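The sequence and the model are shown first.

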Amino acid sequence: MNLTTYSTDPAGLQAFYEAIISAHDTYAPVEKFGKFDFTRVDSLSTCNTDSPIPKTMSVKPLFFPKSAKVMKYKATSEGTELTDTEEDPLAGKRVVLGVRHCDARSLQVLDAVYKWDYVDTDYGKRRENTILISTRCNEASTHCFCTSLDYDVEQLDAFDVAVINGLDEKVYLQARTEKGETFLKENATGLAVANGSAQEEMKKQFEKFASSFRLKMDYTEINEKMQGQFDSPEFEDVSSNCVSCNTCAFVCPTCHCFKISDEKLRDEGVRYKSYDSCNNVYFTLMAGGHNPRPVKYRRWRQRAMHKFVYYKERFGVNLCIGCGKCTTSCPVNISIFEVVNKVAK
Amino acid sequence: MEQLLVPMICTVEKIIQETPDVRTYRLKFRDESLAEKFDWFPGQFVEFSLLGSGECTFCIASSATRKGTFDCSIKRAGIVTADIHRDLDEGDVVGIRGPYGNWFPLEDLKGKNLLFVGGGIGLAPLRSLIQYAIDNRNDYADFTILYGARTSADLCYKEEIDEWKNNKSLKVILTIDKPEDTWKENVGVVPKILEEVVNPIVENTKVITCGPPIMIKYTLMSLDKLGFDPKDVVTTLEMKMQCGLGKCGRCNIGSTYVCKDGPVFTYEDLSKLPDEF
C-alpha cells in the first residue's frame with residue numbers, strides 16, 4: 001500500500017483537527033493546574049495539540065489506566081458471585097491528537113510485554129481501536145534524548161498519522177500505517193496531496209530538530225557497557241538523593257509494573273489493577289519479611305538495568321524512549337540520562 | 001475489565017491443620033466444566049485470592065493424577081495468609097487463577113533415581129511431584145524422600161508421610177533439628193542428614209529440593225560436596241509475584257520472569273541469574 005502525504009497550512013490543520021473532533025471520539029492534551037493530560041475533548045479550543053513534552057503526562061493511561069477495575073464481587077446467601085464491571089471505557093473507536101513521537105514509540109515498546117505469551121486482549125483492543133496522530137517536535141526540550149535511542153524518529157511507524165511542520169508555514173500530514181492511510185482518505189478531504197519537494201522539506205525540518213538536542217549518547221555502547229555493571233558501586237551514589245516517591249515510574253511512558261489490590265465494603269468488593277513501581281520498598285517484599293531489594297540502590301539498579309539491559313535482552317528494545325519526563329518531574333533532579341552514563345563508564 | 005486477571009471461583013472442600021501455622025486447603029471448582037479444563041503439571045502455581053483481602057501466589061501441592069480437587073498448603077506468614085487462616089472456612093469460596101509457570105522436568109526425570117530433599121513448608125511443591133511419581137512409579141528407579149522440620153510439630157502432611165512409609169517402593173527419611181522425647185527418627189539439620197544418613201549415590205540421580213533459603217544454601221553445598229552436577233539439582237524458587245502472567249514485573253530477576261520461566265529452575269540455571277534472590 002502506498003502511504004500518502006497531504007499538504008496544508010496551519011489554518012488547514014486547525015480545520016482538520018476540528019473536523020476530527022466533531023466526527024470522532026477524540027482525546028488531546030488538556031491543561032489542568034499547569035500540566036497536560038490526554039482527555040476526551042469536544043472542541044479544539046479546550047485542548048493544546050502542541051502541549052510541551054515536559055509538562056504533558058504520557059499517553060500511557062489511555063491504554064494502561066492508572067487504576068482499572070478488574071471485577072466486582074458480591075457475597076449473598078446463595079454464595080459469592082463475580083460480576084463484570086461496566087464496559088471498558090477505553091475500548092471504543094477513538095482518535096488521539098497531539099501525541100509526541102516518543103510517546104507513540106513507548107506504545108510499541110509496551111506491545112512487546114503485553115503481547116508475549118499471555119496476550120492482554122483488553123490492551124490489544126484499546127490499541128487496535130485507536131488512531132494516533134502525532135505532532136513532530138520542532139525543538140528538543142532540556143531533558144529530551146529520543147534521537148539517541150534505538151529507533152529512527154524520522155521513520156517511525158508507531159503512530160498512524162504524522163503531522164510535520166515544513167518550511168514557509170507549511171504543514172504536512174503523512175500516513176505512516178495502513179490504518180492511518182485509510183483514516184486520512186476519509187478525513188483529510190479537501191487537503192491537497194503534497195508534491196515531490198515535501199520529502200526534502202521534512203528532512204530539513206528534521207535535521208534542524210535533531211541538531212537542537214543538548215543530550216546525546218551512543219545507545220549501543222551504553223547497552224553493552226551496562227551489561228557488566230550489576231555490581232557497580234555507582235548505583236549507590238546515583239540513587240542517594242532519591243526520595244522513592246515513584247513519580248518517575250508514574251509519568252514514564254514505558255513503565256508498566258502494576259499491582260492488584262482489593263477494596264471491600266461489607267459483602268461487596270472491587271479488585272483494581274493500578275500502577276506500581278520497582279522503587280517501592282514493598283514491591284518485592286514477601287510475606288514473612290524476606291526482600292531481595294531491601295535498600296534503595298538495589299531498587300534503582302533494577303530500574304536502570306531493566307530499562308537498558310534486561311528488557312532489551314528479553315524483547316529486543318530498550319525500555320526507555322528518551323522523553324525525559326522522569327527527569328523533569330523528579331523532585332530531586334535525578335536524570336536517567338546521567339544515571340546510565342555514570343554507571344556505564 | 002482486565003480479563004486476564006479475573007479469577008475462577010472455587011469452594012473450600014476441606015481444611016487440614018498440618019502444623020500450628022500451616023493449613024492445607026482442598027479446593028474444588030464450583031463450576032464443574034472448569035474443573036475438566038483445569039489441568040496442571042507438578043511444580044506449577046496458582047494465584048489464590050481471598051476476595052476482599054487480596055491475592056497470593058501458592059504452588060499446587062497435589063498432583064493432577066488425583067483429579068477432582070487440588071490442594072494449596074498455606075503458611076501464616078503475612079497479611080493475606082493471616083486473613084485466610086482466620087476467615088476462610090470449609091464451604092467458603094476463593095478466587096483461583098492459573099495454573100501458571102513451568103513445571104518439574106518430567107521427561108528428564110524418567111528412568112532416574114529421585115531424591116527429594118524438603119524442609120518445612122517446602123515439601124508442598126515437592127508433594128505434587130511425589131504424588132505424580134508415585135502414581136507413575138514404574139517410570140522411575142530408586143525413590144528417596146528426605147524431609148526435615150524444626151520440630152516434629154512442624155512436619156506437614158503427617159498422615160500422608162505414614163502412607164509413604166508404608167509404601168515399600170519408597171524410602172522415607174525424616175529429621176528434626178533438636179531431640180524430642182518421643183521422636184525416634186533422625187535428629188539434625190537436613191544437609192547433615194543428607195550427607196551422613198542418606199549419603200545418596202550420585203550416578204543417575206536427580207535431586208529435587210525446596211525449603212527455607214538457609215536450608216537450600218547448605219543443601220546445595222552438601223550436594224556439591226557429594227559430587228552432584230548442578231544440572232541434576234532442581235529447585236523451585238520463591239519470589240514475590242502478582243499477575244503470574246509475565247506482565248506486572250514483580251518477579252523479574254534480570255531478564256528472567258520467575259512466573260513464566262520458573263518457578264522451577266535447575267541449580268545450573270540459577271547460577272546464571274544476577275544474585276538477587
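Leaving aside residues up to four places away in sequence, A:Ser212 touches A:Glu139 and A:Ala140. The model is a predicted one. The C-alpha atoms of A:Ser212 and A:Glu139 are separated by 5.9 Å, although the two residues are 73 residues apart along the chain. A:Ser212 belongs to the loop between helix H5 (197-210) and helix H6 (219-227) of chain A. It counts as partly exposed because it has 14 C-beta neighbours inside 10 Å.

**Chain A as a whole**

Chain A comprises eleven helices and twelve strands. Its radius of gyration is 22 Å, which agrees with the value near 20 Å that a compact globule of 345 residues would have. The C-alpha trace of chain A spans about 70 × 60 × 40 Å along its principal axes. Of the 345 residues in chain A, 43% are buried. Among the contacts in chain A with a separation of 6 or more, 71% are between residues 24 or more positions apart.

Helix H3 (residues 121-128) of chain A has as its buried residues A:Asp122, A:Tyr123 and A:Arg126. These residues lie on the same side of H3(A), because they cover an arc of only 100 degrees around the axis. Helix H2 (101-115) and strand S7 (130-135) of chain A are included in what covers them.

In soluble globular proteins, nonpolar side chains tend to be buried together. Here the largest nonpolar core has 167 residues, and those with the most contacts inside it are A:Val96, A:Ile133, A:Val340, B:Cys72, B:Phe116 and B:Leu146. Domain 1 (3-100) and domain 2 (106-236) of chain B each contribute at least three residues to this core. For A:Val340, the contacts beyond its neighbours within four places in sequence are A:Ile222, A:Met226, A:Ala304 and A:Phe308.

**Domains of chain B and the interface with chain A**

The domain assignment divides chain B into domain 1 (3-100) and domain 2 (106-236). Taken over C-alpha atoms, the centres of domain 1 and domain 2 of chain B are 24 Å apart. Between these domains, 16 residues of domain 1 of chain B are in contact with 16 residues of domain 2 of chain B. On the domain 1 side, strand S1 (8-19) and strand S5 (70-75) of chain B each supply at least two residues. By class, that side has seven nonpolar, six polar and three charged residues.

Between the chains, 33 residues of chain B are in contact with 41 residues of chain A. The side of chain B that touches chain A has 13 nonpolar, twelve polar and eight charged residues.

**Backbone features**

| Feature | Residue(s) | Angle |
|---|---|---|
| Cis peptide bond | B:Gly98 and B:Pro99 | omega about -5 degrees |
| Cis peptide bond | B:Gly262 and B:Pro263 | omega about 10 degrees |
| Positive phi, not a glycine | A:Asn246 | phi about 70 degrees |
| Positive phi, not a glycine | B:Tyr157 | phi near 50 degrees |

B:Pro99 lies in strand S6 (residues 93-100) of chain B, whereas B:Pro263 is in the loop between helix H8 (258-261) and strand S15 (264-266) of chain B. A:Asn246 is found in the loop between helix H7 (234-239) and helix H8 (247-251) of chain A, and is partly exposed, with 18 other C-beta atoms within 10 Å. B:Tyr157 is placed in the loop between strand S8 (143-149) and helix H5 (158-166) of chain B; it counts as buried because it has 23 C-beta neighbours inside 10 Å.

How values were computed
Residues numbered from 1 in each chain as written. Chains lettered and ligands numbered in written order. Predicted model: local features only at pLDDT ≥ 70, side-chain atom pairs only at ≥ 80, totals over all residues. Contact = placed C-beta atoms within 7 Å. Nonpolar A, V, L, I, M, F, W, Y, C, P; charged D, E, K, R; others polar. Helix = DSSP H or I, 4+ residues; strand = E, 2+ residues; numbered from the N terminus. Rg over C-alpha atoms; globule rule 2.2 N^0.38 Å. Buried ≥ 20, exposed ≤ 12 C-beta atoms within 10 Å, placed from the backbone. Domains from an automatic or database assignment. Arc of directions from axis to C-beta. Core = buried A, V, L, I, M, F, W, Y, C linked by C-beta atoms within 7 Å.
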